[in-house]
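Hello,

Here is the structure we talked about. Please open it first, then read my notes below.

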Amino acid sequence: MATSPSKDTQLCISLAGRPGTFGVRFHNHLYQQLGLDFYYKAMTTDDLPAAVAGIRALGIRGCGVSMPYKEACMALVDEVDPSAAVIESVNTLVNTKGYLKAYNTDYLAVRQLLEQHQVDPGTAFALRGSGGMAKAVAHALRDAGFRQGTLVARNEQAGRQLADACGYRWLAELGDRCSPMLVNVTPIGMAGGPEAEQLAFSEEAIAAAERVFDVVAMPARTPLIRRAEALGKPVITGLEVIALQALEQFVLYTGVRPSKAQVEAAVAYARDL
């Protein structure tokens, strides 16, 4: 912020089952650098309807939405942007005088990254996961022209539903099958989680893959990413996803688009813990 908080300071928050620090540091760094009278705080809740009602009633400008609230938020807003409507999963709320509109900047970030990394849409892939973030990634792949996909999910109902929606096949486990691109959209490998040191795919599958994409952002170099890099595989990291989606949230909240250098500085600051 340009000055100390005042009655006019615009508050933005995030809601997550396990609040992190990246968004707080990223947004607040940019607010300060750009002289914007905003402040960002990470929160959690055990009463989502009440929390969303509070966002509306208290004039909180924006809210980032993470697991496990992404799908449940759909029924609590006034309008859903196309980026979230097809996916039926939300990661951003924007409050304009009590009117809440939901977006999914995860979807937008994945689409951008597939283009930036020049991933051939003809590449077959196996995506592990079936939750809200998996929906965003699977739909982004589909809309980018990827047709040869396999959804790997132990939850058969959710896995089949997502696979059918995107025109992919479902498997409970990848097993010995190989795929040119592996995509992890589960908490496996997430710092502080019960599976922090585990690989989202088998050693054999990683060795056979041509590219690895891990959506887990903390740490940026998950066990899956480290293993793929050790084998010389090109990777797309969750840090890239979280940075791009946070940027699009920032623009939605403030109406200001920072320069590339400002964003890079904010990402570096957010990581420097």
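How many of the 273 residues of the protein count as buried? The share is 52%. Buried means under 20% relative accessible area, exposed over 50%, and partly exposed in between, with a 1.4 Å probe and protein chains only.

A word on the source. This is a predicted model, where local features need pLDDT of at least 70, side-chain atom pairs count only at pLDDT 80 or more, and totals for chains, interfaces and linings use all residues. Residues are numbered from 1 along each chain as its sequence is written, and side-chain values use heavy atoms, without hydrogens and water.

Now the overall picture. The protein has 10 helices and 12 strands. These are DSSP runs, numbered from the N terminus: helices are H or I with at least four residues, strands are E with at least two. Along its principal axes, the C-alpha trace spans about 60 × 35 × 35 Å. Of the contacts with a separation of 6 or more, 66% join residues 24 or more positions apart. Contact means heavy atoms within 4.5 Å.

Strand β7 covers residues 125-128. Which way do its side chains point? Phe 125 and Leu 127 point one way, Ala 126 and Arg 128 the other. All four are buried. In a regular strand the side chains alternate between the two faces of the sheet.

β7 also has a partner. It pairs with strand β8 (residues 149-152) in the parallel sense, over 4 bridges. Two strands pair if DSSP finds at least two bridges between them. Leu 127 has Leu 151 in β8 as its bridge partner.

Best wishes
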